[in-house]
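Welcome, and take a moment to look over the chain before reading on. The tour below goes from cross-links to strands and then to charged pairs.

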Amino acid sequence: NVRCTLLTGGSVQCWGVNAYGAVGDGTPTQRLVPTPVTAVGNTALAVKAGGVHTCALLQGGALQCWGRNNYGGVGDGSTTDRLSPVSVTGLSAGVASLALGNWFSCVMTTGGGVRCWGDNRFGQHGSGVPGWAATAQASVTLGASAVAANVGGFFACGTTTGGALRCWGANGVGNMGDGTVG
């Protein structure tokens, strides 16, 4: 797994397993110490590492991701692993926050919507569309009323402006919080 930190001034450093480029230094070489993600520059506001991919929220609300991309979790419209950061298709502005799960990513937009991409075998996008997607899909589970969103390994949850908590995706161990399993 990869770990990352946001440094004062907006630069990002990552370290750990890097076979698919999740460190973002342009190589597949494992890094045992924090290594600069130079392509992000000094514009990062937040950084999140999923199990095999990483994303950074940049000034102006743009998003860049890198690493394992077999289900399209990097969001650039492909399934090609990325050793360095690439822009997420359709999210060049308007991103408020980000969350990463196993092979998928979600963001909250400044307009209150949630968009997800990557692995969707368990419905973790909340879009109602089966199968993985290599570009961001709007979550219909929350519509435009989201005030917060977070993800687990294969599920996601969000809070609406009315205070309701809604979850979607895998429910093998009761992740939905509705008293059910499966």
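Cys-4 and Cys-14 are joined in a disulfide, with their sulfur atoms 2.0 Å apart. Their link is right-handed, with 110° about the S-S bond. Cys-4 belongs to strand β1 and Cys-14 to strand β2, so the pair ties together parts that are ten residues apart in sequence. Here helices (H or I, at least four residues) and strands (E, at least two) are DSSP runs, numbered from the N terminus.

A word on the source: this is a predicted model, in which local features need pLDDT of at least 70 and side-chain atom pairs count only at pLDDT 80 or more, while totals for chains, interfaces and linings use all residues. Residues are numbered from 1 along each chain as its sequence is written, and side-chain values use heavy atoms, with hydrogens and water left out.

**The disulfides**

How many disulfides does a search of the whole structure find? The search finds four, where a disulfide is a pair of cysteine sulfur atoms within 2.5 Å. In general, such a link is a covalent bond between the sulfur atoms of two cysteines. With the bonded cysteines of the chain numbered in sequence order, the pairing reads 1-2, 3-4, 5-6, 7-8. Three of these links are set out here.

| Pair | Sulfur to sulfur | Angle about the S-S bond |
|---|---|---|
| Cys-4 and Cys-14 | 2.0 Å | 110° |
| Cys-55 and Cys-65 | 2.0 Å | 105° |
| Cys-157 and Cys-167 | 2.0 Å | 110° |

The link of Cys-55 and Cys-65 is right-handed. Cys-55 sits in strand β5 and Cys-65 in strand β6, so this pair ties together parts that are ten residues apart in sequence. The link of Cys-157 and Cys-167 is right-handed too. Its cysteines lie in strand β13 (residues 155–160) and strand β14 (residues 165–169), so the pair ties together parts ten residues apart in sequence.

Are these cysteines buried or exposed? Both Cys-55 and Cys-65 are buried, a word that means under 20% relative accessible area, with exposed being over 50% and partly exposed in between (1.4 Å probe, protein chains only). Cys-14 counts as buried at 0% relative accessibility. Cys-157 is buried with a relative accessible area of 16%, and Cys-167 counts as buried at 19%.

**Strands side by side**

Strands of a sheet pair through backbone hydrogen bonds, either parallel or antiparallel. In this account, two strands pair if DSSP finds at least two bridges between them.

Which residue in β5 is the bridge partner of Val-47? That partner is Ala-56.

Further along, an open sheet of three strands has the order β12-β13-β14, with antiparallel pairing. Strands β12 (146–151) and β14 stand at the edges, each with a single partner strand, so one side of each is left without a neighbour in the sheet. Direction ignored, neighbouring strands of this sheet are turned by 20° against each other on average, taking axes as lines fitted to C-alpha atoms (for helices over the stretch in contact) and angles from 0 to 180 degrees between N-to-C directions. Five bridges join β12 to β13, and Ala-148 has Thr-159 in β13 as its bridge partner.

**Charged pairs**

Side chains of opposite charge can pair when their charged atoms come close. A salt bridge here is a side-chain nitrogen of Lys or Arg within 4 Å of a carboxyl oxygen of Asp or Glu, and by this rule the count comes to four.

One of them joins Asp-81 and Arg-68 at 3.8 Å, N to O. Both residues lie in the loop between β6 (63–67) and β7 (82–87), so the pair ties together parts that are 13 residues apart in sequence. Asp-81 counts as partly exposed at 30% relative accessibility.

Another is the pair of Arg-82 and Asp-76, at 2.7 Å from N to O. Arg-82 is partly exposed at 25% relative accessibility, whereas Asp-76 is buried at 18%.

Asp-119 forms a salt bridge with Arg-121, their closest N and O atoms being 2.8 Å apart. In this pair Asp-119 is buried at 0% relative accessibility, while Arg-121 is partly exposed at 47%.
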